[in-house]
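Q: Please take a close look at one part of this structure and describe its surroundings step by step.

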Amino acid sequence: MNIVIYTLTSELHDEQAVSSVTEEFLRSLGVDYELKGSDYADYGSHALDLIYVRTGGTEGIFKRLLPQLQKQSNKPFYLLTSGKSNSLAASLEILSFLRQQQIRGEVIHGSEAYVHRRITLLERVGEARRQLKGTRLGVIGEPSDWLISSVYDRQVVADRFGIDIVDVPMTELLDVVRQMPLSAPQEKSERVEIQQALPGAQQIYLALKYIVERRSLQGFTLRCFDLLTAVKNTGCLALAKLNSEGLVAGCEGDVPTMLTMAVTKALTGVSGFQCNPSRINPETGEMLLAHCTIPLNMVERYEFDTHFESGIGVGIRGYMKEGPVTIFKMAGDLSRSFIAEGTLVRNEANADLCRTQQIIQLEDKRQMAYFLTEPIGNHHVIMPGHHREELEELYI
């Protein structure tokens with residue numbers, strides 16, 4: 001069960017009357033839940049743990065419970081209240097006490113519709129946090145030399161999200177690639193140079209898949225430009241396929257972007273489109289973002305081209321469905337993030353840019369100032385749909 005509800009009840013209140021109110025109120029939430037009552041033994045182990053403050057006079061009970069609950073979980077305390085039997089007053093006193101101790105918390109109270117929306121959002125965010133905890137993400141090769149600002153803090157990432165970052169030497173991958181037999185890929189291209197490159201691209205895909213299994217990884221970022229000189233091919237097709245198979249697979253050894261993609265996948269089910277802003281119009285809020293690979297499960301159709309910068313290998317030109325999108329990026333030390341909602345207005349296929357190209361119109365054009373004055377690196381992640389609320393909740 002993802003939502004579990006615990007209760008706080010004063011002994012002064014009539015249990016029969018309180019139980020009647022409890023049943024009616026919890027039914028009004030419109031969510032599936034498990035009611036644990038006053039047994040807090042497994043508190044903190046679910047996607048969302050709610051403390052239902054049923055009556056007033058429960059502040060002292062909570063204070064006595066707090067040391068135990070803090071040992072079991074470092075998540076915020078969510079205090080659910082019906083507003084009856086002085087439950088809201090008690091919840092406010094408890095929350096004020098928590099804030100005095102610099103402990104995060106929130107009172108969940110309002111209309112049935114508001115409480116339902118809030119609980120549903122918190123459940124999604126809590127489930128994403130559970131998915132991230134214990135994740136192992138690899139850095140295959142070092143970050144690309146040009147990513148001079150894309151640093152990260154392993155300890156902060158481990159403490160905040162429970163993610164373990166694993167270093168994998170580039171030589172390990174190259175050894176596997178060279179040992180991997182060439183096989184005929186399922187993909188086809190009418191262009192001779194791309195058809196000739198497809199077996200090698202498939203070889204890289206199989207080698208990466210082998211490394212992932214051997215290292216017990218749930219994702220990685222790859223110093224992919226080294227492949228251009230080492231094996232005369234690209235990782236674009238491999239990353240597109242592996243992302244669509246449920247892994248997080250990022251480019252250029254960019255760890256902050258890999259972490260951003262991991263959060264995106266945990267929350268939305270897709271790892272997102274890692275891309276560069278290529279053109280920006282601060283006056284209109286329209287921008288073009290591009291890269292040579294995109295998860296195949298994010299596009300309606302795709303076609304092959306060469307890798308843009310090198311003109312070799314296999315690049316992906318994907319066409320994502322037009323509509324609402326969110327642009328997201330986290331700093332590698334998790335000190336800040338950028339979240340912008342917008343609309344994918346069209347896909348383009350200019351010859352002078354990376355192969356997958358998206359024109360996005362930001363809802364708030366004032367957010368363009370971020371890119372020109374305080375960007376978090378060059379790579380950003382695009383995901384379908386509007387997800388500002390969930391991302392803001394997950395990031396705090």
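A: The model is predicted. The relative accessibility of Ala249 is 3%, and the cut-off for buried is under 20%, so Ala249 counts as buried.

Leaving aside residues up to four places away in sequence, Ala249 touches Phe220, Leu239, Leu242, Asn243 and Met261. Among the buried residues of helix H9 are Leu239, Leu242 and Asn243. Helix H9 spans residues 236–244 and is mostly covered, with eight of its nine residues buried. The buried residues of H9 pack against several elements, including helix H7 (192–215), strand E8 (219–222), E9 and helix H10 (255–268). H9 lies across E8 and E9 and runs at about 155° to E9. After H9 comes Gly246, which has a positive phi near 105°.

Strand E9 also belongs to an open sheet of four strands, in the order E7-E6-E8-E9, with parallel pairing. Strand E7 (164–168) and E9 stand at the edges and each has a single partner strand, so one side of each has no neighbour in the sheet. On average, neighbouring strands of this sheet are turned by 20° against each other, direction ignored. Strands in a sheet pair through backbone hydrogen bonds, either parallel or antiparallel. Strand E6 (residues 136–140) runs parallel to E7, and five bridges join E6 to E7. Ile140 has Val168 in E7 as its bridge partner.

Conventions: Residues are numbered from 1 along each chain as its sequence is written. This is a predicted model: local features need pLDDT of at least 70, side-chain atom pairs count only at pLDDT 80 or more; totals for chains, interfaces and linings use all residues. Side-chain values use heavy atoms; hydrogens and water are left out. Buried means under 20% relative accessible area, exposed over 50%, partly exposed in between (1.4 Å probe, protein chains only). Contact means heavy atoms within 4.5 Å. Helices (H or I, at least four residues) and strands (E, at least two) are DSSP runs, numbered from the N terminus. Two strands pair if DSSP finds at least two bridges between them. Axes are lines fitted to C-alpha atoms, for helices over the stretch in contact, and angles run from 0 to 180 degrees between N-to-C directions.
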